[in-house]
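Please load the model in your viewer and keep the sequence panel open beside it. The tour below moves from one selection to the next and says what is found at each stop.

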Number of protein chains: 2
Amino acid sequence: MDGEVLDRVFLTRVVEPGDELAGRWVREFGVSEVVRRVRGGRALPGVSARRWSGLRARAARAEPERDLAEARAAGVRFVTPGGSEWPGQLDDLADARPLGLWVRGRPDLRMWALRSVAVVGARACTEYGAHMAVTLAAGLAERGWVVVSGGAYGVDGSAHRGALGAGGATVAVLACGVDRPYPRGHTELIARIAEQGLVVGELPPGDHPTPSRFVLRNRVIAALTRGTVVVEAAYRSGSLVTARAADRLGRYTMGVPGPATSALSAGVHELLRGGAELVTDAAEVIELVGDMGELAPVRRGPVLPRDLLAPATRRVLAALPGRRAAAADEIARGAQTTPDDTIARLYELTALGFVERHGDGWKLTRQAVMSVRTGSQHG
Amino acid sequence: MDGEVLDRVFLTRVVEPGDELAGRWVREFGVSEVVRRVRGGRALPGVSARRWSGLRARAARAEPERDLAEARAAGVRFVTPGGSEWPGQLDDLADARPLGLWVRGRPDLRMWALRSVAVVGARACTEYGAHMAVTLAAGLAERGWVVVSGGAYGVDGSAHRGALGAGGATVAVLACGVDRPYPRGHTELIARIAEQGLVVGELPPGDHPTPSRFVLRNRVIAALTRGTVVVEAAYRSGSLVTARAADRLGRYTMGVPGPATSALSAGVHELLRGGAELVTDAAEVIELVGDMGELAPVRRGPVLPRDLLAPATRRVLAALPGRRAAAADEIARGAQTTPDDTIARLYELTALGFVERHGDGWKLTRQAVMSVRTGSQHG
């Protein structure tokens with residue numbers, strides 16, 4: 001087993017998400033040296049005696065091999081910086097970069113994140129906010145974009161449901177262990193996201209959410225995506241933290257306007273007055289976050305060369321007929337895998353622009369067909 | 001009688017509002033020479049034969065002395081460029097500058113326009129739009145700003161009513177003769193505006209509105225004010241024309257957001273996406289259009305030296321007691337004029353920041369008291 005991976009699992013048990021002091025240690029001394037010092041009780045710079053003893057106490061209880069084994073048994077993998085599934089844009093967080101991410105779900109996190117937008121907002125949203133979140137997320141998903149949100153009640157949940165309902169791709173970034181759905185009322189929803197998309201978090205299995213963990217989770221949502229859309233938010237709300245984090249990271253910050261009389265639009269309007277972009281539908285979002293020249297209403301082809309796809313996903317892509325649509329069962333036989341696995345990979349391929357729904361079936365997009373004709377033979 | 005005034009009245013009967021070719025003639029040859037040539041049938045440059053014969057036909061029917069006499073009898077005056085009541089900012093319209101403005105109402109147009117904001121929008125507005133127009137206009141009026149609009153149904157009417165209801169100042173700029181209320185359903189409202197504020201227009205008495213006159217009227221609203229707020233507007237609506245005209249003239253262009261699902265907010269959102277300022281209340285409007293350092297919630301003092309006030313208005317100002325509030329009747333006796341005239345001038349003084357309502361009475365603002373103590377003796 002990779003020693004650095006174990007060391008990182010160990011550190012997720014010992015330091016809180018986004019701890020920039022720990023991030024500096026990792027940058028200056030390397031992960032294994034930091035772990036050695038914490039385990040051995042050899043001081044690290046800039047830490048108070050009280051904090052140091054807290055760290056040491058948590059270190060004494062940490063069992064990284066067991067964490068990893070239990071996670072694996074539960075279908076959870078641990079993705080680390082530099083690894084093949086690591087979304088490089090998280091490195092923009094510098095010393096606040098996650099030590100690693102726990103991931104549930106089949107698709108490749110790195111590839112999904114390349115073409116993703118965050119849709120976030122108030123937990124206690126209005127019907128208008130829920131409607132806008134569902135509609136925006138569905139529109140983004142239909143155009144092959146991955147909808148990232150926080151799995152919370154209100155706008156977050158509506159965004160996930162909108163993407164799922166459109167047969168699209170969605171990622172929930174949790175502020176707790178990914179084996180521990182929070183809020184409890186979203187247990188079913190989060191299970192469905194893990195089935196059809198990805199559930200991601202920095203905290204090791206079993207860990208609980210805390211207020212500061214919610215706030216720090218937001219930086220991951222902001223960094224992971226090309227931009228953040230705030231649907232409804234009161235003054236000084238957590239969604240505005242995500243939006244401002246996105247702005248600082250050079251991502252697009254967007255807001256959906258609402259009635260000037262609505263307290264739940266007041267935070268969004270404040271954001272818009274501060275320079276965020278006003279968006280009213282998915283097309284306008286894509287016009288901003290899409291590649292140069294990706295005009296909103298036009299569905300575009302793959303953004304990734306197919307040799308970056310996971311081998312099993314490439315096999316599903318190769319099993320699609322050249323021109324006509326096919327049912328998932330037929331494709332599964334060609335790809336020599338199960339229908340469930342095939343469907344999950346078809347969703348991934350849809351999100352990446354290779355595949356589109358066609359009635360009950362699936363077919364290659366025009367662009368995917370053209371790239372087979374003119375491009376490499378990797379597929 | 002001033003020959004140039006008569007000549008300008010004559011021309012308002014002969015050319016349409018905003019005719020830039022006629023504006024160029026006036027600039028190049030002077031008003032009287034243009035009138036001489038039109039009357040005498042001597043050609044002017046750049047005009048087609050067909051248009052020229054139309055001009056000549058209208059010229060044959062024009063009776064400027066009678067127009068002026070009838071207007072005067074109806075309480076309507078004719079304000080011309082360079083005159084003491086002419087709002088200098090209209091000169092920004094260059095060759096599209098009005099030949100003159102017909103004005104009903106007591107206050108001084110030039111002074112009111114100095115501290116004015118346009119609130120415009122859809123005729124078929126929603127309840128939300130009407131509510132926002134009333135609230136914004138009332139808030140502006142309460143803070144001593146003059147609300148300018150077009151007298152139309154919907155947002156315009158709501159804006160006028162909001163200002164009137166707050167005991168504030170409002171100006172209706174009509175696309176027809178100011179003696180001819182349009183729309184007919186607003187006869188009462190326009191009469192009330194003429195009583196408490198100003199009704200203004202480019203077209204000579206008796207003239208009817210036409211679609212192009214509505215569009216050209218909008219440039220006067222835009223030029224007269226420090227900024228234009230669009231409350232609700234569908235795509236490609238007339239209010240957007242006003243807003244864009246305001247922008248071209250270097251005035252502030254503002255929009256009130258609404259639900260992204262509302263077709264009547266779509267035009268406003270388009271405007272906001274194009275760079276207009278998002279505003280949700282009067283304080284935010286004033287923060288933009290107010291003088292440097294005029295922070296929104298603070299009620300500020302007079303912006304004008306009192307020697308610029310009309311003599312009758314100065315007498316009303318002088319009749320206000322130094323510290324306490326007084327009823328209009330008492331002030332009227334001191335100013336040796338009628339209560340009606342006194343109330344109209346008190347509204348004007350309120351709009352200019354000299355006076356504020358105090359229960360049923362009126363009193364000097366703190367700033368007006370201070371300017372009496374420290375300032376000139378003109379009042």
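Is Pro81(A) buried, partly exposed or exposed, and how many other C-beta atoms lie within 10 Å? Select that residue to begin: Pro81(A) counts as partly exposed because 18 other C-beta atoms lie within 10 Å, where a residue is called buried if 20 or more other C-beta atoms lie within 10 Å of its own, exposed if 12 or fewer, and partly exposed in between, with C-beta atoms placed from the backbone.

Before going on, note how to read the model and its labels. This is a predicted model, in which local features need pLDDT of at least 70 and side-chain atom pairs count only at pLDDT 80 or more, while totals for chains, interfaces and linings use all residues. Residues are numbered from 1 along each chain as its sequence is written, and chains are lettered from A and ligands numbered from 1 in the order in which they are written.

**The loop around Pro81(A)**

Pro81(A) belongs to the loop that lies between strand E1 (76-79) and strand E2 (101-104) of chain A; strands (E, at least two residues) and helices (H or I, at least four) are DSSP runs, numbered from the N terminus. Between Pro81(A) and Arg97(A) the C-alpha to C-alpha distance is 8.9 Å, with 16 residues of separation in sequence.

**The sheet of chain A**

Next, colour the strands of chain A. E1(A) is joined to E2(A) by 4 bridges in the antiparallel sense, and Val76(A) can be found opposite Arg104(A) in E2(A).

Move along to strand E8 (residues 252-255) of chain A, where Tyr252(A) and Met254(A) point one way, Thr253(A) and Gly255(A) point the other way, and all are buried. In a regular strand the side chains alternate between the two faces of the sheet. Strand E7 (residues 227-230) of chain A pairs with E8(A) in the parallel sense over 4 bridges, and Val230(A) stands opposite Gly255(A). E8(A) also runs parallel to strand E9 (residues 277-278) of chain A, with 2 bridges between them, and here Gly255(A) has Leu278(A) opposite.

Follow the backbone between these strands. From E8(A) the chain passes through H12(A) to E9(A) in a right-handed β-α-β crossover; right-handed means that, with the strands pointing away from the viewer, the path from the first strand over the helix to the second runs clockwise. E7(A), helix H11 (residues 238-248) of chain A and E8(A) likewise make a right-handed β-α-β unit.

**The domains of chain A**

Colour chain A by domain: an automatic or database domain assignment gives domain 1 (3-73), domain 2 (103-289) and domain 3 (306-374). The C-alpha centres of domain 1 and domain 2 of chain A are 30 Å apart. At their contact, 8 residues of domain 1 of chain A meet 8 residues of domain 2 of chain A. On the domain 1 side, helix H1 (3-14) and helix H5 (64-73) of chain A each supply at least two residues.

**Where chain A meets chain B**

Finally, show both chains. Chain A can be laid on chain B with an RMSD of 0.1 Å by a turn of 180° and a shift of 0.0 Å along the axis, the superposition being by least squares on the C-alpha atoms of residues with pLDDT of at least 70 in both. The two copies are therefore related as by a two-fold rotation axis. In chain A, Gly258(A) has the C-alpha nearest the axis, 2.3 Å from it.

Select the contact, which takes 12 residues from chain A and 12 residues from chain B. On the side of chain A that touches chain B, helix H7 (127-142) and helix H12 (263-273) of chain A each supply at least two residues, and H12(A) gives the most, with 3 residues.

Methods:
Contact = placed C-beta atoms within 7 Å. Pairing = 2+ DSSP bridges.
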